[in-house]
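Hello,

Here is the structure we talked about. My notes follow below it.

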Amino acid sequence: MTQGIFITFEGIEGCGKSTQIRILEDYLKLRGHPVLLTREPGGTTIGENIRKVLLNANFKEMSSLTELFLYAAARCQHVGEVIKPALKEDKIVLCDRFADATSAYQGTARSIDKKFLTEIHQLATDNLKPNLTILIDCPVEIGLQRALERQSEIAGQSKLDRLEKESTKFHEKVREGYLKIAHEEPQRVKVINGMDDIETVHQKVVEEVMKLIK
Ligand code: TMP
């Protein structure tokens, strides 16, 4: 019997995590595992509405703390309404971004104090930690280029969102923040090279995930 397992995917813009998480969902479902795929910010009606505010490129005036609280609010709702109940039902929860994104984006890149972030994390996540985090790593210029190409492929949505519009330097800091977390928590966070082709990355993801699934 599968136990509730919480797996998160992280990485800079355009690293390929959303593609990988979908392929993993198919892989696990085909093998009969109960899977819930969700994302942050989002995953609930409230969270998806908060997402619209957070990513709206017109809201240039948003302060770093407002940003932090909105991500935390979306997460709090998500954990209580969706993630914890699914884990209780023994599902494998695959989440596209979670608290590490706040540490990398709002912590390292926006320089919000780490101790303060830890407290916010504890409140917003109700102390829930992923069993496994897949960090798909790639150089910033490649990731941003992919994000740009992806946006221009979506009809009528040729503009980058508020976070994607940040400077290359900002995204370098985000990458640095993620790699620091992986260095500090090597048991939980597995770094996979996002420069490999989709199938190679998928095989590496499966290798890590299957270690958790009996
Ligand atoms: P996505 O594009 O992967 O769906 O993520 C939305 C954006 O929000 C992305 O630029 C990363 C950013 N983000 C944060 O800054 N902090 C967070 O806690 C989360 C979950 C996402």
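One cut-off before the notes: buried means under 20% relative accessible area, exposed means over 50%, and partly exposed is in between, with a 1.4 Å probe and protein chains only. This is a predicted model, where local features need pLDDT of at least 70, side-chain atom pairs count only at pLDDT 80 or more, and totals for chains, interfaces and linings use all residues. Residues are numbered from 1 along each chain as its sequence is written, and side-chain values use heavy atoms, with hydrogens and water left out.

**Helix H4**

Helices (H or I, at least four residues) and strands (E, at least two) are DSSP runs, numbered from the N terminus. Asp100 is in helix H4. It counts as buried because its relative accessibility is 10%. Its C-alpha atom is separated by 13 Å from that of Ile136, 36 residues apart along the chain. Ala101 is also placed in helix H4. Ala101 counts as buried because its relative accessibility is 8%. Between the C-alpha atoms of Ala101 and Lys17 there are 13 Å, and 84 residues along the chain.

**The ligand**

Which residues are closest to the ligand? They are Glu13, Arg51, Tyr71, Arg97 and Thr102, in a shell of 14 residues. A residue is near a molecule or strand if one of its heavy atoms lies within 4 Å of it. The shell divides into six nonpolar, two polar and six charged residues. For these classes, Ala, Val, Leu, Ile, Met, Phe, Trp, Tyr, Cys and Pro count as nonpolar, Asp, Glu, Lys and Arg as charged, and the others, Gly among them, as polar.

Three helices each supply at least two residues of the shell: H2 (45–55), H3 (64–88) and H4. H4 gives the largest share, four residues.

Now the polar atoms. A polar contact is a pair of N or O atoms within 3.5 Å; within protein, one must be able to donate a hydrogen and the other to accept it, and residues adjacent in sequence count only if both atoms are side-chain atoms. Glu13 has a polar side-chain atom 2.7 Å from an oxygen atom of the ligand. For Arg51, the distance from a polar side-chain atom to an oxygen atom of the ligand is 2.8 Å. In Gln106, an N or O atom of the side chain lies 2.9 Å from a nitrogen atom of the ligand. The ligand taken alone exposes 480 Å², and the protein buries 94% of that. Accessible areas come from the Shrake-Rupley method with a 1.4 Å probe; for residues, only the protein chains shown count as cover.

**The second largest pocket**

How much space lies in the second largest pocket? About 530 Å³. A pocket, on a 1 Å grid over the protein atoms alone, is an open set of points where a 1.4 Å probe fits, with protein on both sides within 12 Å along at least five of seven lines; lining residues have an atom within 4 Å of a point. Grid points are joined across faces, edges and corners, and a volume is the space filled by probe spheres set on the points.

The lining of this pocket has 23 residues. Nearest its centre lie Asp100, Ser103, Lys114, Thr118 and His121. Helices H4 (99–109), H5 (114–125) and H7 (168–184) are the elements that give two or more residues to the lining. The largest share, six residues, comes from H5. By class, the lining has seven nonpolar, nine polar and seven charged residues.

**Backbone points to check by eye**

Glu40 and Pro41 are joined by a cis peptide bond, with omega about -10°. Pro41 sits in the loop between strand S2 (35–39) and H2.

Asp126 is not a glycine, yet has a positive phi of about 55°. Its loop runs between H5 and strand S4 (132–137). Asp126 counts as partly exposed because its relative accessibility is 48%. Asn127, not a glycine either, has a positive phi of about 65°. Asn127 lies in the loop between H5 and S4. It counts as exposed because its relative accessibility is 58%.

Arg110 is in the loop between H4 and H5. At 18% relative accessibility, it counts as buried. Its side chain makes a polar contact of 3.0 Å with the side chain of Glu166.

Asp137 belongs to strand S4. With 15% relative accessibility, Asp137 counts as buried. Its C-alpha atom is 8.9 Å from that of Gly16, 121 residues apart along the chain.

Best regards
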